[in-house]
Structure formats: structure tokens, C-alpha cells
Amino acid sequence: MSRDSAPGFHSRESMQRLKAEALPSRSENLAPPDEITRRDALRVLMGASSALALGLTGCERKPRRQIISRATGPEWQRPGEAVYYSSTWTDGDFPYGLMLKTVDGRPIKIEGNPDHPVNREGSTVGMQASVLSLYDPDRLRAPHDEMGAVSWEAVDLRVVEGLRRASSVVLMTRANLGPTERALIGQFLAVCPGARHFVHETVHDGTRRSAWNMVYGVAGEALPRFERAGVIVSLDSDFLGSDGAVLENIRSFAKGRRLADAGHRHAETNRLYVVESAMTVTGSNADHRIRLRPSGMGLVVRALLRAVDGHSEDLAALGRVHGIDDTLLKALVQDLRANTGKSLVVAGPHLPGAVHAGVALLNDRLDAPGNTLDWNPVPAKMPVDDPEEVETAIDRGVDAAIFLDVNPVYDWPGKDFANLLKKIHLSVGHGLHRDETVAACSLALPSSHNLESWNDAEPRSGIRTICQPTIAPLFESRQSIESLFLWTQALTKEGSPIRECEDWHDYLRIRWGGQVVGAESYSEQREQRQRWEDVLRRGGSFEEKKAVPLPKLKRGAAESLSRVELSADGYEVTIQPHHAVYDGRFANNGWLQELPDPVSKLVWDNAASVSPQTAQSLEVSEGDMIAIEVGDGSVELPVLVQPGMADGVIATSLGFGRTAGGQILQQAGEGNAAALLGRQDPATPRLATDARVTKTGRSRKLVRTQKQFSMQGRPIVLTGTLEEYRKDAGFVSHKRHMPELVSMYQPYDYSKGHKWAIAIDLGVCVGCSACVIACQAENNIPIVGREQCAVGREMHWMRIDRYHDGDSENPTVHQQPMLCQQCDNAPCESVCPVNATTHSPEGLNEMVYNRCVGTRYCSNNCPYKVRRFNFLRYQKTQLRDPLQELAFNPQVTVREMGVMEKCTFCVQRITAGKFRAKNEGRALKDSEIQTACQQACPAQAIVFGDLNDPQSRIAKLYASKRAFFVLEEYNVRPNVAYLARVRNPNPSSAENVSGGHHG
Amino acid sequence: MFSKKFERRIYIAVAAVMFSGALGVSFGAYVLWPSRREAGYQPVQPIPFSHKLHAGILQIDCLYCHSGAEKGPHALVPPLSTCMNCHAEVQPKDSLGNLRPGIDTLLEHWENKEPIRWNKVHDVADFVYFDHSRHIAGEVTCQECHGPVERMEHVQRTYGLKMSWCLACHKQRLPEGDPAFSEGRTTRGPIHCTACHR
Amino acid sequence: MTANSTALAPASLFVGDVTLKGLEDDIYRPLESFPTTRWWLAISFTGALASIFALCAGITVTQGIGTWGNNNPVGWGWAIVNFVFWVGIGHAGTLISAILFLFRQRWRTGIARFAEAMTVFAVICAMQFPLFHTGRPWLAMFWLIPYPNDQGIYQNFRSPLEWDVFAVSTYGLVSLMFWYTGLIPDLATARDRAKHQFRKFVYGVLSLGWKGSNRAWSHYEKAYLLFAGLSTPLVLSVHSIVSFDFAVSVIPGWHTTIFPPYFVAGAIFSGFAMVATLIIILRKMFHLQHLITDNHLELMNKIIIATSLMVGYAYAMEFFMAWYSGVAYERYVFLNRALGPYAWAYWTMAICNVLAPQLLWFKKIRRTALLMYPVVLLVNVGMWFERFVIVVTSLHRDFLPSSWDYYKPTLVDIGLFVGSIGIFLTLMLLFCRFLPTIAATELKVVLAESRSEGGHRE
Amino acid sequence: MSRPTENTVGMVGLFDDPDALIRAAERVRDEGFTRWDCHTPFPVHGLDRAMGLKSSPVPTLALAAGFVGLLTAVALTGGLNVIDYPIRIAGKPIFSWQAFVPIYFELFVLFAALTLMASLFLFCGLGRWHSPLHDSDIMKHVTGHRFAIVLEATDRCYSEQNVRALLEETGCRDVRPLVEFEEEDSGIL
């Protein structure tokens, strides 16, 4: 039963046991939460709010409660105790592995599955926020037809009848489909002769995939191996933000950046050159960043290609045309040549095929294949179909159309899809919400959520994961693929194997070999069952396979493709998925809407990001609306002035301008960038190079959670270059003046017991913000809405501070996760009149919500401004439905109006970990307790631990010479150490900017 | 106008106000004092379960039924299946040969697989994160907080379970050389805030 | 003889021929006549203003501090500005009474009673704000006070807010007792002057049976002197402690050792300005120019100039210390005050508090009620802005630029401030109508002295 | 209503001039009267000595009360923050007396001031409304602008003729008997 485990996973033993007891079937043990759990969920400060003098509770005793004892309790589940399940995230752009924490039968927190080779424990913001969508009260709750609610039986009857009669059927799905789903669709197409399957997705790398297809001759995708690369060149590829398997990219990129003090004289890190049009997360982490319009990317590739071969004259031309400093380019070329076999070039999926062909040639020339580039023959996403094909099919006449969790009415990159829908006799919309498409269909069918569903995925060869439900459907919903399964079953002749399957779950299980029809001997059955349970426990099967080598490059095809020129005669527009709401599918998720954009810190809104110079030439300032026209599509968006943008480029996100599907999205910004998709060239749908831009005269106030991006010359984020680091690992001491720290008082002795601390390696933190949402999910942090954000009252306990430095047009970016520093001499503590914030003997700055009267003095006196105040009844406003209470972590008090709150280092996890170790009579192991932010961080930049354990990771990081504390000179003795970022600019480049300022 | 009588009236009035005020405050404080109010709570339960019989006379270990107490925060009221471990066999009848009322109800619930709704006797505010397992491990007897349950026919709350009451025990100083000293703790229980609140 | 000593001579504190009887009649006239229509109009107006306070406080308590403009870096806004403003005003009364009493400044008698009343009312207004500014006032009103409870947890006596609880409530109570002690003989006079039985009864009860017995006077005078002696350090301590709310913190612009004396000087400054603002109206309305003379005004104006210079010195010294400390955060805060987004508030403050009072160097202006009136009004405004500048500009841009933000008040904020002015003025109007606004008994002593002085001169 | 009875309980001499009062007081003091008093609209300088009054115990009481307040503050802060529930705050010592000084000071002042107020009740006859002075119009003169000396009939040296003569001797032109109207007592209320 025991198996290998990555070191340092939270409650390894108990989880193994719990995973082993994963749900045998959907019907058992998945009862909706009963009243015990409801009460447990509601750790609201009710008592305190009514407790007046003497702690009285008015005239009545406090409400009496009941204990409900079940007839038979499941032995493996004790009330209030967490049970973990492995699953897969099928909702997002990549099927990452999930580890779901459930309490009393309700999922409350999502982590990455540590066994999953792609994402490990890391998680994205979307994954973290998925649990909120599960309990979204705006979900479609029952099947509806044109007249109103109907039963599933009636729906099935009507659909099957419709499909039987139909001569032409359109089935539209997302691209991210598991192998079993694909198999079922195959069966459906087989039994429904007139049916065609279309894959619709606005965020896809179709352009790049077809280019690869042409130059490599095989379908599949190239897998960059950043951890093996010494020099990385990104051409408009936001591989740390939105391009590819981001969690894997961040982890492997961080691997190449991590430094240990031992041997600092010969320390090596990778070097990242980013040539990009918009300011992205990747660009924020660049060692050298070149601003360039997307239309220039082809030139750059070709120039680099020639320069690597020794013909550097094109570089100078590039400098002339695009104003790029060619000394930097020359240094880059030198770097690439010196690092042959250790360098890697990647290009963004929105760029035209010519760039990808050029990149393939360049990588080939740099000996990347096999070294820094592998091949994945089974991409997680199916290729997307040409929208025109769909339009033609519908124009020709379609009798029935089935839309499974897609929203073409909202984001169709072509004709008005609502009009197309009207031509279809029977349209079936299956979705989580009554979104634009579902609302326009004749049948509106509620989909089950990811966490209520059975599914599987195969994102890489050798990695097959399972998605299992952790709660019975909260509503009368059905998994969309299950609907398709039932309809396929009904259309299939008696006696075929699919008829034998009880349901979709059964179908899936059989395909996984968990149950062979017509079971054989008892031992065989047991073995099958064992195997299936093993899959459920682990979350899939992860075979160690040798990497698939890159197919041989067809040079001729690549060279001819790479020579295709891109015209550019206007503003250039790039359209990217939103960092949080993605393509709009998560638009009704408050956590995601309120998550500050990692680059602009914008919340609740979409914007047209432009460079300061472009803004000047357009005569607009932040918030002014501009109309962007590409071909026959146009959108109106507020301007956001973003330093680092290439001049003449407008960057915007998908996912806004949703009109139906919930109440949260009504607050969000308008302006649906999907209207611009593919308007110039359907081959590069997310790129336009001839956009027209006009000022409209209207304006909309953009809400940003950070307004100042200048560090004001203060020593807040300290950085150095690799050269400085090699000379002196303790270079931070030269970066600022540190007075001798004297105190009137004898400090407390923290040498006994535990002393908790966090270290954050700024060298590997990319600023993805997964920690922010993880913290929100773990600690019951409310959203406050757009209006409250606008007055500066966002509640995030953890934020990513961002500072710009150097060239104001192309700044160097410094990012710093900022959370409560748990100061030993905490200024907040001494000013609280009621002892609501105090210090624990383990070095934690404690905040007792039920004692807090809300003077806000602590927040004023906090030098880091990490305390958050409940100015209004945020929880109440957020809780439109008691259902949402189920998302609460019962281990954390829900704060009421008038109460201060802040990061506690996840004290509930600390307590739980300590108690577990004590109950088991052993010492606490290092890394046994992880904070939520640490667990979510794909770069493993955050380390929590006990400083009194000299062997712990945290103690070693604290001993690092790169460690510094923010505002250390104030002698508040923080317990969050930051490890200075070591940038690795090319020493031979002119633009050798070192960050960090003195005085 | 300001006669002696007037003066006397004022004195009496002032004295009366002060006296009744003092009386009111002290009486109010006495009556409303939370631990006093909370103590003695004894709700009627759906089954007249006798702890005196089970825990006292039959000497069934507390943890036999309240099995969660050792393992986690909640002590747990057992599921009916635990009752049925014995009561599948033990079904006392009265002189007329009818099942005793409590047993009757138990069997009825068991037949219908219907949960029983017990009235919670010992309850603390939601922002108190009490953990049974740590107290059991710390050799706090059940009776220290729950009173002599084994002598109670029907369970009632002996103590108010208010913070000052908790602290009274937590604050007890440990003798020098106690193992807890190596953890930096000098009192019987932790007295910092996040020990119970978070 | 210098002008000053002339001004301080008892005889100079009256205009014209004032007799004991006439003086008493003049002081008690408002109490003994039916309120004028003007008074009724005035009190209905201020009462309406006061009800705005109740409304806005109700909104705040039920809906939360979110109805105010406070946000994350700026945890304290108008409420604390108003608190410090009112406490500051509340200092003039006790100061005039106590300190001037100890220094045997005879001219205090003309304005002391009025100033003391102002103190009590201003402290009442001030006390509203710390309570309503808490997120959960229904708990704060209990949990800030140490009393036996069942929670086992008490107050943190290291917190300046807890010091405030003690300081402001002590100050309020002591000021009230001091004021009332002074009132007792005057209330007895009112009782004995009363024609109507009911009036006689009310004043009789309020004067607690005062009979002017010399055995009582003997203790009374000692007690009064001691009240003055206690109030003097108290008045200094209270505003020092209020300034500790800021000085004890770590926030640049707050963490300054100059704050206690600077706040005390500011409090005296604003207090005198407010006394002047109101007493000029009072003496006009109740025809008391011969008792509250231009001499009184001039002396107050001199104190206003003096304290204005002190405050101005503090402003300059803050800048100097910020520069001299070499701490970048400190330097930034002060540059930001003068040049940042709140520069308008800073310069309003500087002009009102430092420049405007310089006009009072001119004797003509000092002695002419109409000319000095705009100056003292501006000082009131300026001192409010001083607190605004201290509270808001320090908070809105502190250490980490990432958390910087801008603060704007809401209608509720404004309503609470306007409402508190309403409460203050309502109480003031009631006071003018029902209690002797000038310490008649003490003035009689001064009059007697001036007579004997005059007698000597003749 | 019961009929009031009229009793003469003393003799009052009214003066227009405080100096005359002082002279009269000196006489009365020297005559050995004990149950007598002067009533003035404002404190008259020199009258205390003229009446032979001892210096007031009020300052001593107030000082003592101030120290009680100080001790209370020490006990309050120390008892609650140090002994009862020592909580670590901001790295400051548990007994951070420096931070408690404002409380010490405030309670010192508060206790002293409350004692002052209480001593006014105790020593100045506050809260004793009833007086025969009210029954005639003597009090009206006294709180206005005249000065009175009152000799009580219960004094050992008192006899109506004696006293009247004595007062007139000191130059008092307005000597009146002090009359008390006594309503018949009927029960406590």
C-alpha cells in the first residue's frame, strides 16, 4: 500500500488512508450535508455580536443546539474531520491533478495532487476558486424547456426523439476533453449518423499547433523543459502566466532560478530574455525585456536565426526598424551560441505560423530538441475547429444542436451566434449557469460541477488521471457528458456493450479496467476493485515513461513557412485569456473577479492596456474609453496605461462583457474582446495588426488595488545581479543602510517550543497570485465587490506588491508577496485597547476576532498595512444563499462587520498539525504543516516552518545570506524573511540594470 | 419650600435610588452571570438515557460511546449502531412485559434508520475551538469539565464553560521541571489566544 | 505702567459704572426673562443639526464604518479628526479657569464660566466619536472599561486608546465638577433672585443648599484652588495623551516627540479661538459688553498670537526634524504634506493657523470684535485642518507605496461632524438661557477689589 | 396641611460693608460664641481669621485620595495585565510600568477630584437644603450684595438682648431675629 511520496506533503499518512477509502460509488455516502455540518460551517461571530456586558447573551440563553446521531455512521468519517480525495480539474485550460479537502461531506478546499507529475502541489487561481463555483447560488438548478422546469425524463425523451429524427446534428464541446469523453463522442457520432462534432474554444494554440504540424509532420505539441535551459528566449509567450501547462512551467523555471548559498561563487541560474508586446507575468520576470510589436516577432526570429549562424547584419536592421538596442540583441545571440543545447526559444500561441516555424528552426539550430524540448503526442486539448465550418454547417440546416459547457453565443469568433441558433429546431444548452448560450437554447440543462463529476484526462502520454465527485450534485443537475452518454445509450441498439453500462460512471470505470463485464472469479473481481480503488486513491495512473523525442524537423517546410510576412498597418491588438476568469467561464466567481491582475492590479474589469506613449498619442488617460475596431468587429474598452507595453500595441483580455449567467458577473466590466477574435485573419484569431482605435469620450473608473508602482527609492524589495551574488552572497547588506537595532527591553525567549516563520524566495516567485486565492479559500475571506474595492477596502490577507524600477517605458519589475509579518515587536499589539491582538509564545501575532471591537488602530500602526477591516457586512452581502455557507472552512471563524482580520500563518493548520503530532506521540516533522499559500505556490517560493528546528528548511533559508526583512530597521522583528531576488542580466549587455536601491 | 421634610424626602429618594441601583446591579450580575446561567442546563432528551446506569453502574468506559474524544476535537454522540451493539440483545421490559419506553424509541429509530436528535448539553460558542483529544491526552478527566456524569440520571451541565473558567485551569502553574517547560509552557494549559480562538 | 498691567488691573475689566446690583441684574437677566424668538429660532436650527448626528450615528452603527470614507491605509478619518478637534476645544475652558486662576489673572472671571461650559460640552461631543468610530460600539462601550466579568480577559493598559478612556473620562468628569463647583454660589443667587416658585425650587435643588456661609466658603475656596491645581496638570496630560494616540505609533508623521507640547499649544489655541468666536456673539446678544470687555478680547487675542507662534514653530520643527532625522520615510511624509495630494489641506491649515493670526499684532484688530472675528473663525477652521492633516496625510502614504491610497469623506462623515456642532451649539444655547454665563460671584469679588482700588486712587 | 409653628432660632445682623462684617465677626469670636456664622455673597478676604477658623482639611484629604487612586491604578494595571492574565504584547515586558504611567496619573487626579467634590458636601453643608435663613428673606440679601452674621440661639452665650446689643455695638443697623417655620412632622415622608 505504501508508495513513494514527494517530501513534505501535508498529513501524508492520514491522507493515504483517506484516499484509500475513496468513494466506491456515487450513490453511497454522498448524502448532502446534514444539519451537523451546516452548523459547523457557520462559525460566525454570532455569540460575540450579541454578547454584551459580562459577556451576557441578552435575556435568552444562547440558542440551544442539537446533536444528530446517525443510525450508522461511516466509520472512516468523523464529524468535523477532513477527508481528502484525488481528482482532476477538468474545468480549466489544463487538466491538473486535484487534492480535495472535504469536511463532513462538503468540499472546502482544493490543492494540487502531489502525485501529479505536471502540477504537483501547485495550483492555479482557477483551481483554487473552483470550490466557490460549486456553491454558486446562481447555478442553473433544474432542467428547463421553453415553458419552464421539466423533468430529466422529459428532456431525455425529447432529445432522443429529436436526435432520431434529425438528419443533421451539431455537437459542440470544449477542447479539454478526456479520453473517455472522446471515446463516447466517437460512439455518439457512430450511432447518430447526421452528427458532427465541433470543438469550440477561444483560448487555444491552434495556430502554433498547425505550424508544428506542418514543420514536424506529426500532430502533437512541443514541451519546453525550462529546468534544463540556461538561456530562455520568449517571443510574446507568457509561459509563466497563460501559455501551456503554466504550473509546470513555473515549477521548472523556478528550478533553474533557485540558489543555495553554498558555492555561491559558481552559482548559475537561467537567463530569461523576453521579447514581448504586452507586459505579462513572464515579462515581469525577465532578465532582459524587449518591447516589440507582435508584427515584428517574425523579423526577430529570422534575424536571430541568421545571427546565430554568424550573420548579424539583420540585427542592426531590427534596431533601426523597431528601435531595439542591438547591443542587447548581439549579447543575446552570443548567449545562445554559447549555450547551444542549453537554450530554448518559445513563442506565444497567438503569433502567426511563420514565427513558430522560425522558432522551430532556431531551436533546432540551438540543439534544443532532446535537451530543452520534448514532444507530447497527446495534448490535453483537442484541436479547435474552424468557426466558419460550423457556420456553414448551420447555414446548410441543422435539426438539432447540442452545446456541452460551451458558450458560443457569448464568445463566437464569427457571425452573431444567437441568430445562427434561431435556425436550429432543437438546441440543447448544457451549462453550469444559464449563460448566454443556455438561455438561448430550447432546452436549458444544468451541468454538474467539476467536483460533482466523474471524468478522466490524459494530458501527456503516461499520465492518465481520474476525476471523481466529492459531493452528490447539489441541484437537479447532471454531468453534461452523462447526458450525452444516456442519449448515446438510447440511440444504440440493444445488446451493444454501452447498453450494459449502468451510467457514465460505469462506462468510465469499465474503460479504466475497474470492472470487466460478466465478472469472473472472486479473486479477479477483487483485483479489479483493488486496481480501481488504487486509481481513485492516487488520482490516476502516473507511469514513468521516457520522454518522447521531438519529431525530426522538416527544414524545407519550416523555412518556407517562416518566410511568410505579416502586414502591419495600424494598432496591433493581442487578446489573451484573463488571468482569473479565463475565457469568461469563471466570470461568476467572485474570488476570481476580485483577484488583482498580476500585472496591472486591476480588479473586476477588462481594459485596453497601452503604453504611456501610445496613450499620449491617442490623447487618452486611464479610464477613457476607446473603441477598437478590427475588420467588422469592434469593442469599447477603458484604457489602462501600462508601462512596459510596446508602443502601438493594445492588449486586452477575454472573459468580460458577459451578460447572463449570474449576479456576480453583472458587477464586472463590460467590453467583450471576443468580438475581435479572428476578424483580421482567422488563422491568428487572437492577434490583429491593423486595428483602428478611436477615442469615444466616455470613461469608466478602473479599480486597481495598487496605485503606486514606484518604490520611492526605499529598500523594500532588494535585488542584485548574479555577478554581485557570486562576489558576495550577502550583497543585500550593501543595498541598504541598516542601523544597529537596539531595544529598551529584554526580548522574549522563543528558543523553547516552536517559533514559526515564513521565508519567501523572491528569486523564484513569479507573481502568479495563486497564493492570494489559496489564502482566500482557506481563511473564509469575503469578497467585497467592485465598489468597495474602488474605495480601497479589498480584504485579501495576502497580496503581491509590484514595483517598477528603471526605465519608465520598460521598467524592471519587482514583485513581493506581502502578508502579515508576525512581528515579534508588533506595533499593532501594543495599541489594541482590548487585547484582541496579542503575541503567542510561538511567535505568532494572534488576532482574536471575537474580542475585536474594531478601533482600526492596529491597522493604522501596521507598517506593512496587511490588516483588513470588515467595513461592512461583507460576508452577509456575499452570502446570497445559505448554500454558500458550505464553502466555509469550519476551522476558521467567519468575521462579522466591524472586526479586524489578518493573516495568521494559517494557525488552524498549525494547531491541527501540532495536535496530530502530539496525539500520535511524536515530534512535529519539518514541512508537515504547510500554510495555504505555501501549498498552492507552484514555484515553491514560500516555505513555512519552525525556526527552532535547526534542520528545517526554514532555518536554512533564514541562514541564507540573501535573507532580509522588510522595514527591518524599524526593529519590529518580522517573522517573514525575504530572499533577495538575484537577476541574471547578461554582463556584456549595455542595459545591465541592477535592481534595488540604496537610501 | 426647603423644609426638613423636603430634605428628608430627597435623602430618602437618593438613598433609595442608590440602594436599588446597587441591589439591581448586584442582583442582575448574579442572575445574569454567564457561567451561573449556563450551569445547570438539563434539557429533556428524546430518549431518557441514563448515564448513571451505563457509566456508573455498568461502568462502560466513556470512550466506548464517545469514541471521538480520544482522536479529535469532537467527542461524538455515538450512532445508533453503537447502542445496538448491546441493545440488540439487552432489551429490558417492564412488569407488564412491554419494552421500556427508551428502548422502545431506540429500536423504533433503529428499525427506520432514523437519526436521533439529542439536545446538546455542553456547548461553547462557535469561536471557541475546543479539542477533546488534547484534553484527554493531557489527563484531564471527563468529570473535570462535564461533572460527575456517572452519577447523573439525566445529564446536566455542571459548569458554565466560560472563558474565565477555562482559564482558571489553564493558568495553573506547573511544578518546576515539568516536561512542558521544555516547550516553553509553564502553565497547565496554553494561555495564549490562538490556543482556543482563531 | 505698561499696557499689559493696565489691562490686567481689575478696574479695566469693566466698562462704565458697574455696581454689585447692576452686575447681578445684567448677568441674571437672560435667566429671568422669557426666551426671545431669536433664541427659539437658533435652538431649533441647532437642534435640527444635532438630529443629523443621531441619524448618521444610527446609520454607522447599523450598517458599519463602511458608510464612512475610511479605507485600508486610512483607518481613521474624520471621526478621529473631530474627536481631537473637540477635545482641543475642550481645553480652553479648564485652562482659562484653572491656569489663569492659579496665576491670579483677574480677567479670567469674565469668560471662565462660559469657557468651562464650552469645555464640558466639547468633551461631550468629543466622547461620541471614539465610541462610534469603533466597528462594534455595542461591545466597545463595555470592553474598554475594566469591570469584573466572566470572560477572564481585560484591557490592555499599554494602549493609548485605553489611556484615552481614562484620560478623557477623567477630564470630562473633573471639568464637570469644577464647572459645577463654580456654579453653586451663582445658582444660589439665582435661587434667591427667583420670583417664581418653580424656578426657585429648581435652582434651589441645583444649588444644593448653598447659604454663603463663611465656614463653607473657607473649605470651598480651598477646594476650588485644588480643583484648579488638579485641573492644570490634567488639562496638559489629557491632550498629551490624545497626542500619544499618534506619537506612540510607528507611522511617520505620527511618531514624533514634539506632539504632546504641540498638541497642548494647539488645544489652547483652538480653545481660545472658539471662546472668542462664541463669546463675541454672547456679549452682543445679552448686552454684556461692559462685563466682557474689549480688554478681555485683547488679552485672549494675545494668547492666540502666542499659541499660534508655538503651533507655527511646531510645524516648522516637524519639517526640520524630518530632515534632520535622515529617515527617508519621515522626509517623504512631510514633503507629501506640503506638496502631495493633500497639499490643499496643509496650506489651508498653515494659512489659517499661522498667517491669519499675525493680523492680531495690530492693536486695532485685537480690540475690535468685528475685525478679529474673521481671524478667530479661520483659526477654528485651521485647527480642524491641522488634525485632518495629521491623521489623514500620515496614513494615506506610509511605508510601503503598494498600499498608498486616497481618502475621501462621505455624507455620513460630514453629517456626524455637522451634527456634533449642532449638539455643541444646542447645549451652549441651553446654557446661555438657563445658567449664569458669567461667574457672578467671582466678578463681585473683582468688582469689590476694583472699587477698593479705585478708592485708593481717589 | 398642618399649621406651621414659628420659632426664633437666632439673631441676624446684616451689613452693607464687608469690613464692618469682619469687625463684627472679630467681636463675636472674642465674645466666645461657637454656634455662629457669617454669610456673604462672595468669599471675604480676612473673614476666616476674623472668625478664627482653622485651616481646611480638604487638601490633606484630596492628597490622600490621590494616593489611593494611584495605588488603585497600580493594582488595576498590575493586577489585570501582570498577575491575572500575563499576555505578551508587542515584545514589551509583562510589567511595562512605563506604559501604565498615564493610567496612574489619571486615576490619581480622578480620585483626588472626586474627594474634593465629596468634601464639599461634607464640609460646606452641600445637600443640606433646609435652613431658617430661607424662611425669611435674609438669604436674598446674602446671595445678593449684603453681608450677614448669624448667631444661633442654641449657643451657650446666646441671649436675645445680649446679641442684639452686641451686633448694634459693632455698627450693625439691621438686626433681625432669625425665625424658623416648622411644619408639623407627619411621618417620614
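Predicted model: local features only at pLDDT ≥ 70, side-chain atom pairs only at ≥ 80, totals over all residues.
Chains are lettered from A, and ligands numbered from 1, in the order in which they are written.

Strand 13 (residues 400-404) and strand 14 (residues 426-431) of chain A pair in the parallel sense over five bridges, where helices (H or I, at least four residues) and strands (E, at least two) are DSSP runs numbered from the N terminus, and where two strands pair if DSSP finds at least two bridges between them. Within this pair, A:Ala401 has A:Ser427 of strand 14 of chain A standing opposite. Both strands belong to an open sheet of five strands in chain A, with the order 6-5-13-14-15 and parallel pairing. Its edges are formed by strand 6 (195-199) and strand 15 (443-446) of chain A, each of which pairs on one side only, and the twist from one strand to the next averages 15 degrees. Helix 5 (residues 152-165) of chain A lies across strand 5 (169-173), strand 13, strand 14 and strand 15 of chain A, and runs at about 125 degrees to strand 15 of chain A; axes here are lines fitted to C-alpha atoms, for helices over the stretch in contact, and angles run from 0 to 180 degrees between N-to-C directions.

Antiparallel pairing is found elsewhere in chain A, where strand 24 (residues 687-699) pairs with strand 19 (residues 571-576) over three bridges. In that pair, A:Tyr571 stands opposite A:Ala691 in strand 24 of chain A. Strand 24 of chain A also pairs in the antiparallel sense with strand 21 (residues 624-630) of chain A, over five bridges, and there A:Lys695 in strand 24 of chain A is the bridge partner of A:Ile626.

Among the helices of chain A, helix 6 (residues 179-191) and helix 18 (residues 480-491) have axes that come within 9 Å and cross at roughly 35 degrees. This crossing of helix 6 and helix 18 of chain A is left-handed, a crossing being left-handed if the near helix is turned anticlockwise from the far one by less than a right angle, and right-handed if clockwise. On the side of helix 6 of chain A, the residues A:Glu181, A:Leu184, A:Gln187, A:Phe188 and A:Val191 meet A:Ile481, A:Leu484, A:Phe485, A:Thr488 and A:Leu491 in helix 18 of chain A, with two residues in contact if their C-beta atoms, placed from the backbone, lie within 7 Å. The residues of this contact between helix 6 and helix 18 of chain A comprise seven nonpolar, two polar and one charged, where Ala, Val, Leu, Ile, Met, Phe, Trp, Tyr, Cys and Pro count as nonpolar, Asp, Glu, Lys and Arg as charged, and the others, Gly among them, as polar.

Chain D contains seven helices and four strands, which from the N terminus on run β-α-β-α-α-α-α-α-β-α-β. The radius of gyration of chain D, taken over C-alpha atoms, is 25 Å, well over the 16 Å that the globule rule gives for 189 residues, so chain D is more spread out than a compact globule; the rule is 2.2 Å times the number of residues to the power 0.38. Along its principal axes, the C-alpha trace of chain D spans about 80 × 45 × 30 Å. By an automatic or database domain assignment, chain D is divided into domain 1 (5-55 + 130-182) and domain 2 (58-123), whose centres, taken over C-alpha atoms, are separated by 44 Å. In chain D, the axes of helix 3 (residues 58-84) and helix 4 (residues 97-123) come within 7 Å and cross at roughly 145 degrees, and the crossing of these two helices of chain D is right-handed. The residues of the contact of helix 3 with helix 4 of chain D divide into 18 nonpolar, six polar and no charged.

Chain C touches both of these chains. With chain D, 48 residues of chain C are in contact with 54 residues of chain D, and helix 9 of chain C gives the largest share of the chain C side, 16 residues. That side of chain C has 24 nonpolar, 15 polar and nine charged residues. The contact with chain A takes 44 residues from chain C and 48 residues from chain A; here the largest share of the chain C side, five residues, comes from helix 6 of chain C.

Conventions: Residues numbered from 1 in each chain as written.
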